[in-house]
Amino acid sequence: MPPQQGSARMRQRTVLLVGIAVLLAALVLAVVLASLLTHGRHEVSPQMLKWKDRGTTKNLQEVILGRCYNYITAQHPELGDKDCQKIWESLKDAFIYKNPCNITPEDYQPLMELASHPIPCNKSLFWSKTGDLVHRYTKSNQNFLTLEDTLLGYMADRISWCGDPSAPGINYESCPKRSECESNPGSVFWKMASKMFAEAACGVVQVMLNGSVEAGAFRSSSIFGSIEIFNLDPDKVSKVHIWLMQDIGGPQSESCSGHSIQRLISILEERNFKIICEDNYRPVQLLQCVHNPDHTDCRLCTNSTAIP
């Protein structure tokens, strides 16, 4: 073989080997980068594999979209310009592929803006430890709205959701309770929604509390006691009407003169609110009596106590 041909073949082989080496290096680099990116997004933490609360509601997207469309078309057609698909996407983006103990108010801000709507004056009804009764009442009396009767609350009522950094990004098996971590998706959502609901209240607002709770009707640690009460605007709210409801047949743990109610009244007075407290507000008591028509409590009149 002539020396020139041998030299040419050596150069070709060298170029080929160099090319293969470069290609292999590029492939290795690509694999490493992909691994780093994937690790950052789908990192698996053993702590997140099992929480103490129920997991994300099955068919969450269909549930949220169905409730949203029902609310803006059948119940409140005046809100027909709301975009349910965008609302769902903003909710999903708030928690999917995220550590369920590191959710922030900023995660939910787009959702709050998309789903918010005006609350008519004199219709806001707050509650604590009276969930079943208060919602039975608002279903029978359209003059009042709880948070769960707004679009945000209606979509999220009695369902759960949380993310996970590992695929598929949503944990359907379990979600953290508030006692496990404060900044979980449910707690942050309801705190933000409650704050917004309180800020929107105007005119006379109502509060339904449970006078049969042994620990006291008003609790500073409740959503109402820790968030809603401090976000009511004294310049917009003319009066706070407390409905202290006791279970038919008791126990009657507290009345309007009780310790925790007086603590609530003091907080409201310090914020310059006018207050009325009423034991067993009659319209609500009549609803209780539907299931206990013959009980002696259902034949009694109620008393009102005005706070000057």
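**Stop one: the largest pocket**

Sorted by class, the residues lining the largest pocket are 14 nonpolar, 10 polar and 12 charged. Keep in mind as you look around that this is a predicted model. The pocket holds about 1,100 Å³ of space, and 36 residues line it. To find its middle, select Trp127, Glu148, Gly186, Trp190 and Ile223, which lie nearest the centre. Now colour the elements that give two or more residues to this lining: strand S1 (53–54), S2, H5, H7 and helix H8 (223–231). Which of them gives the most? That's H7, with seven residues.

**Stop two: the second largest pocket**

Next, select Tyr71, Gln75, His76, Leu145 and Asp149. Of the 20 residues that line the second largest pocket, these are the closest to its centre. The volume here is about 500 Å³. Helix H2 (60–75) and H5 each give two or more residues to the lining, and H5 has the largest share, with three residues. By class, you'll find seven nonpolar, six polar and seven charged residues around this second largest pocket.

**Stop three: Tyr108 and helix H4**

Time to head inside. Select Tyr108, which sits in helix H4 (residues 105–115). Is Tyr108 buried or exposed? Its relative accessible area is 0%, so Tyr108 is buried. Show its surroundings and, leaving aside residues up to four places away in sequence, you'll see Tyr108 touching Leu91, Ala94, Ile103, Trp161, Pro185, Val188, Phe189 and Met192.

**Stop four: the nonpolar cores**

Nonpolar side chains tend to be buried together in soluble globular proteins. Here, the largest nonpolar core has 57 residues. Select Tyr108, Phe126, Trp161, Phe189, Leu209 and Ile242 to see those with the most contacts inside it. Apart from this core lies another, of 11 residues, among them Leu125, Leu133, Tyr137 and Val284.

Finish with a few loops. Zoom to Pro168, in the loop between helix H6 (151–156) and strand S3 (174–175). Then jump to Pro251, in the loop between strand S5 (237–245) and helix H9 (259–270). Gly250 and Pro251 are also joined by a cis peptide bond, with omega about 5°.

Lys129 lies in the loop between strand S2 (125–128) and helix H5 (131–140); it isn't glycine, yet its phi is positive, near 60°. With 47% relative accessibility, Lys129 counts as partly exposed. Asn272 lies in the loop between H9 and strand S6 (275–279), and its phi is positive too, near 70°. At a relative accessible area of 64%, Asn272 is exposed.

Key
Residues are numbered from 1 along each chain as its sequence is written. This is a predicted model: local features need pLDDT of at least 70, side-chain atom pairs count only at pLDDT 80 or more; totals for chains, interfaces and linings use all residues. Side-chain values use heavy atoms; hydrogens and water are left out. A nonpolar core is a set of buried Ala, Val, Leu, Ile, Met, Phe, Trp, Tyr and Cys residues joined through side-chain atoms within 4.5 Å. Buried means under 20% relative accessible area, exposed over 50%, partly exposed in between (1.4 Å probe, protein chains only). Helices (H or I, at least four residues) and strands (E, at least two) are DSSP runs, numbered from the N terminus. Contact means heavy atoms within 4.5 Å. On a 1 Å grid over the protein atoms alone, a cavity is a set of points where a 1.4 Å probe fits but cannot get out, and a pocket is an open set with protein on both sides within 12 Å along at least five of seven lines; lining residues have an atom within 4 Å of a point. Grid points are joined across faces, edges and corners, and a volume is the space filled by probe spheres set on the points. Ala, Val, Leu, Ile, Met, Phe, Trp, Tyr, Cys and Pro count as nonpolar, Asp, Glu, Lys and Arg as charged, and the others, Gly among them, as polar.
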